[in-house]
Structures are given as C-alpha cells and as structure tokens.
Amino acid sequence: MSIEKIVEQALQDGYLTPAMEAEVGRICDNASELSIEEYMALDRLMGALLTGEVVAVPRKQFINVMEELVLTEAIARVAEIEATSESSLDVGDIAAYALNRLPPLYATTEEGANYQRQRARAELQELISQQVSEAIGRNLDQPNVGDNRTPFLAKNAGNEVLRQVSTLLQVYAPSFEQK
C-alpha cells in the first residue's frame, strides 16, 4: 500500500493503526527519496494527527506471565539435572512443551502482571511443575531429535494424504459410487 493510500484511509477512518504506521515507516526506510505527493500526504497526516482529526492507536503492550514462570521453573530443573548427570537438555524445547499445555496468563500493566504471578503461584504452581517435569521426561526420552525430524507433510505428501482420505472414505462409505 502506498503512503498516499494509507493517509487517505487514516483520514477516512479517523485513526492510524500500528500496522499503518509501520507500513509508512517501512516505505520511508526503503525509499531512496520520496515523491512530492508522498511528502504532501505525510504533511496532511501530520496535520490531521496534530488537530486530532486522526488519532494514532497505541500499540498494546502485553506479556504472558506464564512464560516467565515456566522458564524460571525449567531453568532451575535443567540446571539440577545437568549438574548431577551427563544429560544435556534444551530449555527452549522444555518451556515450549510445557507452555503448550498450560493456560496463558496475559497482563498489560505491571500491577496486572504481579496479580497474575501471585495467582499462578497460589493456584497453578503444581501444574506448572508437573508440565515442566513431563517436558523434561520427554526431552530425556528423545534426546537430540534435531535433524532427524521429518516434516508432517513432505513434498509428495499430497498424494499420500489423498490416498489415506480415499481409504477412509471406502471404509466409511462403502456403497458410495463415483460418477
């Protein structure tokens, strides 16, 4: 989208979204020089922002407190294991596994984050520990998976998926006739 179209949209809607602002920034950063039309559009936008005709929508800042709690637990547990054994564990894999099985706890303010931390420690600490333990167990059972992973859908998987669907249809709809 061009600067002129973005400014036109902002004037029409009455607000400049973070995505629109980012696009204008990207265009300006990548252009060796702006046209007179682009400068005029930016001038119109600046005037509209100064008069309040267009309002810049602030970026919403938020955090998932659960990430912090899980990572803290995972780092402590991995450090214990690695200090007493020859095992090497991937903290990122462990945290991701546990986080995928825990509820998110988002907050937009420091007060909200503190509330979520206290709530999680009181109500969810056992569940957090349990999920981190399960993640560590799975990581220990399947070490160094790395390059041996195969993608869920390989390049020629389309034909295989069609074959499987066809087989399922034959099982569940044996009297279906193709036309």
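**Reading helices, contacts and rings**

Modeller: On the face of helix α2 that is turned away from its buried side, the exposed residues are A19, D29 and N30. Exposed means over 50% relative accessible area, buried under 20%, and partly exposed in between, with a 1.4 Å probe and protein chains only. The model is predicted, so local features need pLDDT of at least 70 and side-chain atom pairs count only at pLDDT 80 or more, whereas totals for chains, interfaces and linings use all residues. Residues are numbered from 1 along each chain as its sequence is written, and side-chain values use heavy atoms, leaving out hydrogens and water.

Colleague: Which residues of α2 are buried, and what covers them?

Modeller: M20, V24 and I27 are the buried residues of α2. They lie on the same side of α2, because their arc around the axis is only 65 degrees; the arc is taken from the directions from the helix axis to the C-beta atoms. Their cover includes α1 (3–13), β1 (15–16) and α3 (36–51).

Colleague: How many helices and strands does the chain have?

Modeller: Helices (H or I, at least four residues) and strands (E, at least two) are DSSP runs, numbered from the N terminus. The chain has eight helices and four strands, in the order α-β-α-α-β-β-α-α-β-α-α-α along the sequence. Of its 179 residues, 23% are buried.

Colleague: What span does α6 reach from its first C-alpha to its last?

Modeller: The expected span of a helix is 1.5 Å times one less than its number of residues. Helix α6 has 14 residues and reaches 20 Å, close to the 20 Å expected. Its buried residues are A113, Q116, R117 and A120. They fall within an arc of 105 degrees seen down the axis, so they line one face of α6. On the other side, E111, Y115, Q118, A122 and E123 are exposed. The cover over the buried residues of α6 includes β3, α4 (65–84), β4 and α7 (125–141).

Colleague: What does R117 touch, leaving aside residues up to four places away in sequence?

Modeller: A contact means heavy atoms within 4.5 Å. With that exclusion, R117 touches I63, V65, E68 and E110. R117 has a relative accessible area of 12% and is buried. Its side chain is also joined to that of N114 by a polar contact of 2.8 Å. A polar contact is a pair of N or O atoms within 3.5 Å; within protein, one must be able to donate a hydrogen and the other to accept it, and residues adjacent in sequence count only if both atoms are side-chain atoms.

Colleague: Which residues does V78 touch, under that exclusion of residues up to four places away in sequence?

Modeller: V78, in helix α4, touches L89, V91 and I94. V78 is buried, at 3% relative accessible area.

Colleague: How is a pair of aromatic rings described?

Modeller: One gives the distance of the centres and the angle of the planes. Rings of Phe, Tyr and Trp (its six-membered ring) pair if their centres lie within 6.5 Å; planes under 30 degrees apart are stacked, over 60 edge-to-face, and the rest tilted. The count here is one aromatic pair. The ring centres of F62 and Y106 are 5.7 Å apart and their planes are at 75 degrees, so the pair is edge-to-face. F62 is in the loop between β2 (55–56) and β3 (63–64) and Y106 in strand β4 (residues 106–107), so the pair ties together parts 44 residues apart in sequence.
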